[in-house]
Amino acid sequence: MIRKNYIKIVFKKELLDTIRDKKTLLINIALPVIVWPLLTVFITQYSTIQTLRQNERVSKVVLIGDQISAFSSAILADDKIQSIKLKDQFNWELDLFEVQEESKNVDFCKYNIKLNDAFKGSFKTVESMIQDGQVDAIIVQQSKNIDKITATLNFRLMLLYDSTNPDSEQAANRINNMLETVANNLINERINKAQINESLLKPFSYSINNVADQTKTMSNIIGRILPLILIFLIVIGGFYPAITMTAGEKEHGTLPTVLCTPITHIELLFGKYLAINVITIIGVAMNVTSISAVIYFGMAAFPVNISPMILIYIFLSLIPISMLFSAMFMSVAMFANSFREGQNLLTPVTLLAVLPAYSALLPGMKLNLITAMIPGVNISLLIREILIVPVNPEIIFITLIANVGWTLGILVIAAQIFKAEQVLLSGRTNIGDIFTLDRNALPVPNAQLSIVLFIISLMGTFYISGALIQYGIIYLVPAIQLGLFTMIPLAISTYFKMETTKVFQLQRPPLLAVIGAIFIGFTLFVSTNWFSSFMSPPESYEKLLLDVLQLNDKSLNVIIVFILIAVIPGICEEFTFRGIILSGFINNLKPVWAIVITAVCFACAHFSIYNFLPLLVMGILLGFVAWRTHSIWTGSIIHIINNGLAVIFARFKPESTKLLEKLKLSPYFPMFITGAVLVTLTGILLIYFSASKRIDSVNET
Amino acid sequence: MELPQNSEFEIEVKNLVKVYNNVIAVAGIDLNVGKGSITGLLGPNGAGKTSTLRMLAGILRPTSGSIKICGFDIATEVMEIKKSIGFLSGDTQLYDRLTVIETLTFFGKLHQLDHVTLNARVDQIISDMDMLSFAHRQIGTLSSGQAQKTNIARAILHDPDVLILDEATVSLDIISSQFIIESLRELKSRGKSILFSTHIMSEAEYLCDQIVFIHMGKIIDKGTTQMLMNKTQTDNLTSAFLKTINGTL
């Protein structure tokens, strides 16, 4: 049994210890408070100065070609463009090197231009002159064409500039504008000369408007950079506490002092883990607050429109990832025997943690079902999307579940490491020894096993669904239900030589409990439907669910659908969730918590935010029933009838998804609801009393 | 000096074995410590003293063998054992950034002392051990003697019946060592059972009712100081120890 009190004592002590550690305090509190305003002020000032400087700067431009003089007056008129005469410093020549095409009308030639550098005595290409910063841009006349019929001269120009150099880019923009003006003037001149009405040449006019206003553009830029910075700050926020509380304690010899008190290794682990987590989350909160302050006190000179709600979302989305990193850092730092060694071990891990955050910088990356399952990648993409577009709640939910799943997995590993006395007491040990599964070690399931099975179920459901969904429920359901939810728990119980009947609670339930279960099974949908109204799914989602589960697929025999959707899940899911998972949690926690946590696992494994609440309620009820009757069969009856009703309604009364809405209009609606809820409650009472009788009779014997 | 005659042992160890990665650290030790007595575990470095004491304190799990302390079996009631013992060793350090009072309160809470008892006990220990002048200072700022005093206070805070000390006086100056030695005598007079390891023979001679020689993970002899000297026909414990060890080589 894990004792909350011990976790609290260790947690409070670690927090106090950390508050007095100047290094952690500096990184988690002082740094965010200072970094964001400073960074903003610096960027703002820098960009303002850069803009001013660039606006004032005169662009140096070289003009090459025999017709280029046409622009001389325009350049002279523009006080921001200065034409550089190369002849004074350079010997330049235009080599006619290739005549590609000759025709009657076209006098086409192409020049290879090399500039003789008088000082260096070598030839340079024009490109290198720009790259060296000697000039900002070069206009080269590439070809000229004299139309022999109209005797007009057309020529082709090439503008050379370096986009990585702001001065060069500025010059290119200025030249572009100038060329456009000159070209327009020339056109107007020729139109006038030919006495053509201008409107004849312009059948329509148009303008281009970018729908992404400056604010959105800014959000886009921030959305790409912010996740990386935030994740980096989380990483450095968790880095020192994780080492101090593990390797640091080993180095100082404080661990044996704590371990000779009546505290278990797991309680110590959780106390420390919570403390690292809270410190990291405080760091995150400080960062988000500091960013908010910068935005709302107008320190940012650029337009950003990030609402407080979005900042709260960003903060919340960072909590799971900081939980994940804390667990990861702790597990690794535990292997170090000194602070220094801890730093050496954790440095590559921090790189591993920050690397996925770069995904937000990649334009092609999108938050989808695959990326949502990858920790780090999912959060950075989520933050980017929160800032730019409205995000689908289902994806947020999957991101959350994925991170919780990963965190739990790493915590299980951390628990295993903490149990290894050689690791705790600075001895050397083989990693293999820590993870060796002793077949006699688990005569009954524990919470750790429950978490492992939950993670297997979660990941298994996700990947098997992804792989088999296209083949329909005929393949999908047996693979998940029989393969994942039945075979794996059975394999685990067999491996650890557990007593199958006891672990899976396979005893026959008392008759009264069976009657109670039937009562609940037929009426439960009324209550769960009410719970689902808190977050009702869009119609498209409901339709998708019906299609995926093939509930209204007339090509499938209804009995087969009933078996696949009601009977098999009604038994197999009970095996995993009310079998091993609930038994494991009950052995380490109070029954009420065990039931609630199992229900959360059950609801999460269905990967739907819209059905989360009704599934949670159903999970709690199924957990209670299994715990009370010591039998998963009671819950199976409820589960089968409940799912079965959904199959029958969908097949024979497709409009029944809206049954309750329709019923709401009926004058008998309150009576119907009250009746259904009363029947459910009667079922619960029947189960409650039937089981207590049975337990009493066992006690009497 | 007589060995305890009755079967009222506070510590009963039978055939205790500890193996780390195929290296045998403790190779089958049998040991009993009577109520209100002091037993000294003497042996060279690497003899298995620390491993034995850590197993007794519930920090290490024995590879095999049984340990009973205050009637509790370590295999099934390790938490009860941890409540009944105070453990002090060179390795049991304190948190540098906690004050003396915070340290004692933290360990008192881990030993499940309730709020009122804990406060009373902390006040009492601080005054008994003359620690008031540095009670509000962080451990990191204390002298090694003051820190060791705090560590003893930490080990006896929950008033355990059994005290296990692993080279507790090592690296301490004479005054601090003397303080520990006198504290042990005083604790013994209050009926506490004490098992301690040392390689300072004078300490053992002065304190112990029973001396246990341990070498290469095994007990090679035990008895009162007098018995061991008589047996080896020597006139001091150091010679008796060396002679016994050489006899086993």
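A:Q481 counts as buried in this predicted model, at 6% relative accessibility. Buried means under 20% relative accessible area, exposed over 50%, and partly exposed in between, with a 1.4 Å probe and protein chains only. A:Q481 is found in helix α17 of chain A, residues 473–495. Helices (H or I, at least four residues) and strands (E, at least two) are DSSP runs, numbered from the N terminus. The side chain of A:Q481 makes a polar contact with the side chain of A:E573, at 2.8 Å. A polar contact is a pair of N or O atoms within 3.5 Å; within protein, one must be able to donate a hydrogen and the other to accept it, and residues adjacent in sequence count only if both atoms are side-chain atoms. Leaving aside residues up to four places away in sequence, A:Q481 touches A:T486, A:I568, A:P569, A:C572 and A:E573. Contact here means heavy atoms within 4.5 Å.

The model is predicted: local features need pLDDT of at least 70, side-chain atom pairs count only at pLDDT 80 or more, and totals for chains, interfaces and linings use all residues. Residues are numbered from 1 along each chain as its sequence is written, chains are lettered from A and ligands numbered from 1 in the order in which they are written, and side-chain values use heavy atoms, with hydrogens and water left out.

Chain A has 26 helices and seven strands. Of its 701 residues, 47% count as buried. Among contacts in chain A with a separation of 6 or more, 74% join residues 24 or more positions apart. The average pLDDT of chain A is 80, and 85% of the residues score at least 70. pLDDT is the predictor's confidence in each residue, from 0 to 100. Over residues 87–123, pLDDT stays under 50, and the model has 65 contacts beyond four places in sequence for them. Over residues 694–701, pLDDT also stays under 50, with seven such contacts.

A:I312 lies in helix α10 of chain A, residues 308–333. Its relative accessible area is 42%, so A:I312 is partly exposed. A:I312 and A:T289 are 23 residues apart in sequence and 9.6 Å apart in space, C-alpha to C-alpha.

Backbone angles come next. Most residues other than glycine have a negative phi. A:Q505 has a positive phi, near 50 degrees. A:Q505 sits in the loop between α18 (500–503) and α19 (511–532) of chain A. With a relative accessible area of 8%, A:Q505 is buried. In chain B, the phi of B:C70 is positive, near 50 degrees. The loop between β4 (64–69) and β5 (72–73) of chain B holds B:C70.

At the interface, 30 residues of chain B are in contact with 30 residues of chain A. The two chains bury about 2900 Å² between them, 59% of it on carbon and sulfur atoms. Buried area is the accessible area (1.4 Å probe) that two parts lose on being put together, summed over both. In chain B, B:Y95, B:R97 and B:L110 lose the most area to chain A, together 25% of what that side buries. The rule finds three salt bridges across the interface. A salt bridge is a side-chain nitrogen of Lys or Arg within 4 Å of a carboxyl oxygen of Asp or Glu. A:R20 forms a salt bridge with B:E102, with the closest N and O atoms 2.6 Å apart. On the side of chain B that touches chain A, α3(B) gives the most, with five residues.
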